[in-house]
Amino acid sequence: MTAPDTATSVPHPDPDAADIVRAAHGDQQAFARIVDRHLDRIHRLAWRSLDSRADAEEVAQETFLRAFGQLPDWTPGKARFSTWLYRVALNLCQDRLRRRREQVPVEDLDLADPGAAPDRTLEQDQRRQRVEQALRALPQRQREALLLCHFEGQSNAQAAQVLGVSVDALESLLARARRQLRAELAHD
Amino acid sequence: MKRPISPSRRDELLAIHGADPAHWPADARALLAECDPHQLAAEAQLDDWLASSSAPPAPAALRAAILMQAAAAARAAPPLPRNNLRDALLWLWQELGGARLAAPAFALALVAGLTLGGGLSPLLHQPEASVEDVLSLAQIDERYLALNP
């Protein structure tokens, strides 16, 4: 599984590099630009991982505050800053999911409000709920791979770096996730 | 030069990325047209399902909270650049008050050092015993008689 793939080519220069240096020297505007570039994605990733508005907001907040604390130690060139952000966010999500499994029955969770978009029809809502249920039923690594690549548009190489796996392993996770989803949704 | 993508790899790409060309590697997108129509339709249906899952954007209050907390953290502990020695020295210089405070302090310390060094120098560097001293010693102390000419 190593055919030519432009989506897995060498990463371009980190678009955050200049702002990281400025923010590390106390430039709040530079940090605000970093937040603006990534907040929606990190929030969306946490929201989809946790299916809880409150938890997603807390994870996003914690991710950026950790990032802020690490800015002076950031070494450019190793990996993209966004890769590191995704990794921190996913680790925080994993911690919360683990705690949930240990402590709270799933039915008691404050899950995202399904009626958040009033313009949706009942059928659309039911469909969305089925898809999100199927996503939640995926094994964690498969779900993370799918969230990063399909929903966040990360390249295979970037997603593999976030998850700490090879591109081949990432592709395998994606293919298995899609297969399971197809089976799950076709079954309903 | 890149090798052409084999039919089995093309099918793998369909299973990995689905039927949306936007998710495919740019140099393989043309191969979508060669995929099995049934497989393609099944993957397109899954893409359609996944598209129904939408996440809300981050609320503006969240952005404000993050920036406020970062500003508070910066006030509590100003960031220390540690990526290189130059940055660390620059940071230390600024922390010490820069040219306004540190420069006069360093100048004062330098002057004090030179003055003290100059004043103590005669005390620290006593001249070595002269021949006359040895001769005088020989005259007054029997143990050094042999030195007496």
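Buried means under 20% relative accessible area, exposed over 50%, and partly exposed in between, with a 1.4 Å probe and protein chains only. This is a predicted model, in which local features need pLDDT of at least 70 and side-chain atom pairs count only at pLDDT 80 or more, while totals for chains, interfaces and linings use all residues. Residues are numbered from 1 along each chain as its sequence is written, chains are lettered from A and ligands numbered from 1 in the order in which they are written, and side-chain values use heavy atoms, with hydrogens and water left out.

**Chain A**

Select chain A and colour by secondary structure. Chain A has eight helices and zero strands; helices (H or I, at least four residues) and strands (E, at least two) are DSSP runs, numbered from the N terminus. Along the sequence the pattern reads α-α-α-α-α-α-α-α. Chain A has 188 residues, and 48% of them count as buried. Of the contacts in chain A with a separation of 6 or more, 67% are between residues 24 or more positions apart, a contact being heavy atoms within 4.5 Å.

**The aromatic cluster**

Next select A:Trp74, A:Phe81 and A:Trp84, which ring pairs link into a cluster. Rings of Phe, Tyr and Trp (its six-membered ring) pair if their centres lie within 6.5 Å; planes under 30 degrees apart count as stacked, over 60 as edge-to-face and the rest as tilted. Over all chains the structure holds four aromatic pairs. One of them, A:Trp74 with A:Phe81, is edge-to-face, at 5.2 Å centre to centre and 90 degrees between the planes. Both A:Trp74 and A:Phe81 are buried. A:Phe81 also pairs with A:Trp84, and this pair is stacked, with 5.9 Å centre to centre and 25 degrees between the planes.

A:Phe81 and A:Trp84 are three residues apart in helix H4 (residues 81–103) of chain A, so about one helical turn separates them. The relative accessible area of A:Phe81 is 2%, which makes A:Phe81 buried. A:Trp84, at 23%, is partly exposed.

**A:Glu171**

Move to A:Glu171, in helix H8 (residues 167–187) of chain A. Is A:Glu171 buried or exposed? With a relative accessible area of 1%, A:Glu171 is buried. Its side chain makes a polar contact with the side chain of A:Asn156 (3.2 Å). A polar contact is a pair of N or O atoms within 3.5 Å; within protein, one must be able to donate a hydrogen and the other to accept it, and residues adjacent in sequence count only if both atoms are side-chain atoms.

Now show chain B. A:Glu171 forms a salt bridge with B:Arg9, with 3.0 Å between the closest N and O atoms. A salt bridge is a side-chain nitrogen of Lys or Arg within 4 Å of a carboxyl oxygen of Asp or Glu. Between chain B and chain A the count is six salt bridges.

**The interface**

Select the residues of each chain that touch the other: 46 from chain B and 48 from chain A. The two chains bury about 4,300 Å² between them, 61% of it on carbon and sulfur atoms; buried area is the accessible area (1.4 Å probe) that two parts lose on being put together, summed over both. Highlight B:Trp49, B:Leu50 and B:Ile66, which supply 16% of the area that chain B buries against chain A, more than any other three residues.

Across this interface 11 residue pairs are in polar contact, both residues at pLDDT 80 or more. On chain B, the elements giving two or more residues to the side that touches chain A are helix H1 (7–17), helix H2 (37–51) and helix H3 (60–76). H3(B) contributes the largest share of that side, 10 residues.
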